[in-house]
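Me: Hey, can you walk me through a structure? I'd like to go through it bit by bit.

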Amino acid sequence: MTARLLTLSTPDGPFTIIARDGAVLASGWTAEPGALTGQIHPTLRPTEYQDVSGLGAISAAVEEFYAGSPEAAMAVPVLQKSGPFRAHAWDMLRTVAAGHPVTYTEYAELAGNAKAVRAAASACAFNAAALFVPCHRVIRTDGTLGGFRWGLPVKESLLAREAGQAPRD
């Protein structure tokens, strides 16, 4: 199976997307596709890649995110595969509002098991579709950032960008 490959320039560095049939398989702040392919479930992993200059609504959503509209990325289809808890946890991440990060404990509750904090953190760690499944919106209970595969400066930048766009209550 062939996937399409695109690297965009963003304020947080190069952002690479691997997509197939209009859905994101993997994405992250890297110019190296090899840094993404290992996160794709083996049954979904492409055998060939085609470099493209755009991905329609997918690349438009990244541009909209950086222009101040983070909601567009939540409408982009994502194709990830795992067990029931992790798959549900990824879906629940997409419901976390930009500008309103949740703690790992709150995320575990959203995912359906308040005691599964480590499993929720693992769902973040194994999320292949960064930005489109916004694992950067999960922080530690003490308010510190916690981890992020693409580096804490990127996570901090994403959260700050979204905080500036958050609706005022």
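This is a predicted model: local features need pLDDT of at least 70, side-chain atom pairs count only at pLDDT 80 or more; totals for chains, interfaces and linings use all residues.

Me: Which residues in α5 are buried?

Reply: A120, A123 and C124 are the buried ones in α5. They cover an arc of only 100° around the axis, which puts them on the same side of α5.

Me: Why do residues a few places apart point the same way?

Reply: An α-helix has 3.6 residues a turn, so residues three or four places apart point the same way.

Me: OK, what about α2? Which residues are buried there?

Reply: In α2 you'll find I58, S59, A61, V62, F65 and Y66 buried. Looking down the axis of α2, the buried residues fall within an arc of 155°, so they line one face of the helix.

Me: And which exposed residues sit on the face turned away from that buried side?

Reply: That face of α2 carries the exposed residues A57 and E63.

Me: Where does α2 lie relative to the strands?

Reply: α2 lies across β1, β2 and β3, and runs at about 20° to β1.

Me: Tell me about those strands then. What's the order in the sheet?

Reply: It's an open sheet of 4 strands, in the order β3-β2-β1-β4, and the pairing is mixed. β3 and β4 are the edge strands, so to speak: each of them pairs on one side only. From one strand to the next, the twist averages 30°.

Me: Do β1 and β4 run parallel or antiparallel?

Reply: Parallel: β1 and β4 are joined by 4 bridges. If you want a spot to look at, T2 stands opposite E48 in β4.

Me: Switching topic. How many residues are in the largest nonpolar core?

Reply: The largest nonpolar core has 49 residues. The ones with the most contacts inside it are I17, W29, I58, V62, Y107 and F132. Several elements give two or more residues to this core, including β1, β2, β3 and α2. α2 gives the most, with 5 residues.

Me: Let's zoom in on I17. What does I17 touch?

Reply: Leaving out residues up to four places away in sequence, I17 touches R4, L5, L6, L8, V24, A26, S27, L55, I58, V62 and F132. Among those, I58, V62 and F132 are also on the list of residues with the most contacts inside the core.

Me: Now the rings. How many aromatic pairs are there?

Reply: The count comes to 4 aromatic pairs. One of them is F15 with W29, a tilted pair at 4.7 Å centre to centre and 55° between the planes. F15 lies in strand β2 and W29 in the loop between β3 and α1, so the pair ties together parts that are 14 residues apart in sequence.

Me: Are F15 and W29 buried or exposed?

Reply: F15 counts as buried at 0% relative accessibility, and W29 is buried too, with a relative accessible area of 9%.

Me: What about the rings of F65 and Y66?

Reply: Their centres are 5.1 Å apart and their planes at 80°, so that pair is edge-to-face. F65 is buried with a relative accessible area of 2%, and Y66 is buried with 14%.

Me: And which residues form the aromatic cluster?

Reply: F15, W29, F132 and F148 form one aromatic cluster.

Me: Where are D21 and L131 found?

Reply: D21 is in the loop between β2 and β3, and at 74% relative accessibility D21 counts as exposed. L131 lies in the loop between α5 and β6, and at 2% relative accessibility L131 counts as buried.

Me: And what follows α2?

Reply: That's G68, a residue with a positive phi near 110°.

Notes:
Residues are numbered from 1 along each chain as its sequence is written. Side-chain values use heavy atoms; hydrogens and water are left out. A nonpolar core is a set of buried Ala, Val, Leu, Ile, Met, Phe, Trp, Tyr and Cys residues joined through side-chain atoms within 4.5 Å. Buried means under 20% relative accessible area, exposed over 50%, partly exposed in between (1.4 Å probe, protein chains only). Contact means heavy atoms within 4.5 Å. Rings of Phe, Tyr and Trp (its six-membered ring) pair if their centres lie within 6.5 Å; planes under 30 degrees apart count as stacked, over 60 as edge-to-face and the rest as tilted. Two strands pair if DSSP finds at least two bridges between them. Axes are lines fitted to C-alpha atoms, for helices over the stretch in contact, and angles run from 0 to 180 degrees between N-to-C directions. The arc is that of the directions from the helix axis to the C-beta atoms.
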